[in-house]
Amino acid sequence: RTGTGVISLFGPSIEFDVSERIPLLTTKKVNFNSILHETIWMFVKGDTNTKYLTDNNVKIWNEWANSQGDLGPIYGKQARAFQGYREIFDDWSFYTEVDSVDQISDLIHNIKTNPYSRRHVITLWNPATSPIDKLSFEDNIEDGRSVLPVCHGALIQFYVDLQGRLSLIMHQRS
């Protein structure tokens with residue numbers, strides 16, 4: 001697809017015990033500081049603008065950002081302010097309400113209050129904001145879409161076993 005000699009496999013599964021260390025599967029040199037700041041940017045701050053990253057010498061997202069540093073409603077928006085719509089019916093009317101969900105905050109709360117639930121799931125994949133391939137990055141942002149479809153976090157499910165150990169399964173697109 002990209003002409004870079006990528007080997008494509010569909011559906012393989014790999015498993016890691018991260019109780020002592022977190023694996024990094026790549027053929028590229030990776031700066032830990034970049035990983036740390038990108039994680040804070042996405043999952044703590046819920047940011048979608050490259051300013052925080054650039055201020056911390058992380059430039060991986062710059063090529064997709066518009067002139068203001070915006071990337072559209074990408075990872076951080078979906079993690080911290082996922083927007084969905086709810087149809088409301090009452091005795092007098094019918095209307096649609098926009099609801100913003102902080103999936104990370106809700107997940108932490110639910111794991112603390114109901115650890116053995118099977119419903120500890122978040123998704124960063126939002127079809128309503130996924131980019132349209134034929135549009136430019138700038139046009140996707142102007143249309144309320146992200147510049148790229150999410151690679152990791154399409155679906156993440158967390159599980160707490162009876163010994164209190166936390167596990168997760170993540171579906172990664174790319």
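## Salt bridges

A salt bridge is a side-chain nitrogen of Lys or Arg within 4 Å of a carboxyl oxygen of Asp or Glu. In this predicted model, local features need pLDDT of at least 70 and side-chain atom pairs count only at pLDDT 80 or more, while totals for chains, interfaces and linings use all residues. Residues are numbered from 1 along each chain as its sequence is written, and side-chain values use heavy atoms, with hydrogens and water left out.

A search of the whole structure finds four salt bridges. One of them joins Arg145 to Asp143, with the closest N and O atoms 3.1 Å apart. Arg145 is buried, at a relative accessible area of 19%, whereas Asp143 is partly exposed, at 46%. Another bridge is made by the side chains of Asp161 and Arg165, at 2.8 Å from N to O. Asp161 counts as buried, at 13% relative accessibility, and Arg165 is exposed, at 51%.

## The chain as a whole

The secondary structure of the protein chain comes to five helices and five strands. Both kinds of element are DSSP runs numbered from the N terminus: helices are H or I with at least four residues, and strands are E with at least two. From the N terminus on, the order is α-α-α-β-β-α-β-α-β-β.

The C-alpha atoms fill a box of roughly 60 × 50 × 35 Å, taken along the principal axes. The chain has 174 residues, of which 28% count as buried. Its accessible surface comes to about 12900 Å², and 54% of this belongs to carbon and sulfur atoms. Such areas come from the Shrake-Rupley method with a 1.4 Å probe; for residues, only the protein chains shown count as cover. A contact means heavy atoms within 4.5 Å. Among the contacts with a separation of 6 or more, 43% are between residues 24 or more positions apart.

## Asp102 and helix H4

Asp102 forms a salt bridge with Arg80, and the closest N and O atoms are 2.8 Å apart. Asp102 lies in the loop between strand S2 (94-101) and H4, and Arg80 lies in helix H3 (residues 75-81), so the pair ties together parts that are 22 residues apart in sequence. Asp102 is partly exposed, with a relative accessible area of 23%, and Arg80 is also partly exposed, at 24%. Asp102 also caps the N-terminal end of H4, where a side-chain oxygen lies 3.3 Å from the backbone nitrogen of Ile104.

Helix H4 covers residues 103-113, and its buried residues include Gln103, Ile104, Leu107 and Ile111. Seen down the axis of H4, the buried residues fall within an arc of 95 degrees, so they line one face of the helix. The arc is that of the directions from the helix axis to the C-beta atoms. An α-helix has 3.6 residues a turn, so residues three or four places apart point the same way. The face of H4 turned away from the buried side carries the exposed residues Lys112 and Thr113.

Met42 is found in helix H1 and is buried, at 2% relative accessibility. Not counting residues up to four places away in sequence, Met42 touches Asp47, Trp61, Tyr75, Gly76, Ala79, Arg80 and His152. Met42 and Gln78 are 36 residues apart in sequence, and their C-alpha atoms are 9.1 Å apart in space.

Thr48 is found in the loop between H1 and helix H2 (51-55). Thr48 is buried, with a relative accessible area of 19%. Leaving aside neighbours within four places in sequence, the residues in contact with Thr48 include Trp41, Gly69, Asp70, Leu71 and Gly72.

## Asn57

Asn57 is found in the loop between H2 and H3. Asn57 is exposed, with a relative accessible area of 55%. Its phi is near 65 degrees, a positive value in a residue other than glycine. Most residues other than glycine have a negative phi.

Terms used
Buried means under 20% relative accessible area, exposed over 50%, partly exposed in between (1.4 Å probe, protein chains only). A polar contact is a pair of N or O atoms within 3.5 Å; within protein, one must be able to donate a hydrogen and the other to accept it, and residues adjacent in sequence count only if both atoms are side-chain atoms.
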